[in-house]
Amino acid sequence: MKPIVIYKTKYGSTKEYGEWIAEDLGCSAVDAKSVKVSDLLAYDTIIYGGGLYAEIINGITLITKNLDKLKDKNIVIFTTGLTPSDCRDYYDKIVIERNFKTGVPDNVKIFNFPGKMMLEELTIVHRTAIKALKKMMAGKENPTEMEKLLVELCDHDGDFSDRACISDLIKYVNGRE
Ligand SMILES: Cc1cc2nc3c(=O)[nH]c(=O)nc-3n(C[C@H](O)[C@H](O)[C@H](O)COP(=O)(O)O)c2cc1C
């Protein structure tokens with residue numbers, strides 16, 4: 001097994017998880033900015049991490065546009081976000097279907113970890129987007145449970161990252177050695 005961790009991050013949460021994972025696996029963690037798909041071909045296990053932004057996994061097209069080239073690789077995706085991991089309807093139906101439009105191939109396994117959102121660190125564009133989302137959801141007459149949760153999540157201010165969350169991913173990767 002020769003793994004590599006690639007991460008794409010805006011505020012550092014996914015980078016932190018990527019470095020924890022790389023440390024536990026004894027491999028490198030590399031910023032996706034400096035990675036091309038051809039660089040990945042030397043590895044058996046490719047671990048890609050991206051934060052969730054409006055349900056899109058940041059930078060995931062590095063993987064999804066190249067599934068054919070990577071079909072013989074063991075691919076592990078991890079996302080970081082604010083939506084609780086037990087919101088399976090949100091995660092499995094919205095996030096996974098939106099990012100893997102033709103379904104998740106057998107060689108791809110996906111994990112979700114709690115991330116970080118420090119409101120005062122956000123760019124103006126992101127702060128405005130969060131405010132607009134909150135206003136839109138809060139204005140609904142008969143909000144669904146998910147819409148109510150989204151209103152709450154807009155006020156989540158903090159770092160919810162937790163190194164213990166990576167243990168299943170590490171076990172999964174080591175189990176495929
Ligand atoms: C504009 C914006 C949109 C977001 N959208 C989502 C989302 O759809 N689902 C989610 O769970 N978290 C969402 N988040 C939370 C981020 O995914 C979370 O803070 C993540 O840890 C950021 O990772 P990064 O710092 O590595 O980029 C959003 C945050 C911002 C600022």
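A: Contact means heavy atoms within 4.5 Å. The model is predicted: local features need pLDDT of at least 70, side-chain atom pairs count only at pLDDT 80 or more, and totals for chains, interfaces and linings use all residues. Residues are numbered from 1 along each chain as its sequence is written, and side-chain values leave out hydrogens and water, using heavy atoms.

Q: Which residues does G18 touch, not counting residues up to four places away in sequence?

A: With such neighbours set aside, G18 touches V5, A29 and F78. G18 lies in helix α1 (helices, H or I, of at least four residues and strands, E, of at least two are DSSP runs, numbered from the N terminus). From G18 to D31 is 13 residues in sequence and 9.2 Å in space, C-alpha to C-alpha.

Q: Is G18 buried or exposed?

A: Buried means under 20% relative accessible area, exposed over 50%, and partly exposed in between (1.4 Å probe, protein chains only). G18 has a relative accessible area of 0%, so it is buried. In β1, 5 of the 6 residues are buried, which means that this strand is largely enclosed by the rest of the structure.

Q: Which strands does β1 pair with?

A: Two strands pair if DSSP finds at least two bridges between them. β1 is parallel to β3 over 6 bridges, and 3 bridges join β1 to β2 (residues 29–31), also in the parallel sense. Y7 has G49 as its bridge partner in β3 and stands opposite D31 in β2.

Q: What do β1, helix α1 and β2 make together?

A: They make a right-handed β-α-β unit, with α1 covering residues 13–25. Right-handed here means that, with the strands pointing away from the viewer, the path from the first strand over the helix to the second runs clockwise.

Q: Which residues touch the most other members of the largest nonpolar core?

A: A nonpolar core is a set of buried Ala, Val, Leu, Ile, Met, Phe, Trp, Tyr and Cys residues joined through side-chain atoms within 4.5 Å. In the largest one, of 31 residues, these are I6, L40, Y48, I63 and I77. Elements giving it two or more residues include β1 (3–8), β3 (45–53) and β5 (74–81). Domain 1 and domain 2 each supply at least three residues to this core. A second, separate core has 17 residues, among them Y17, C27, L169 and Y172.

How values were computed: Domains from an automatic or database assignment.
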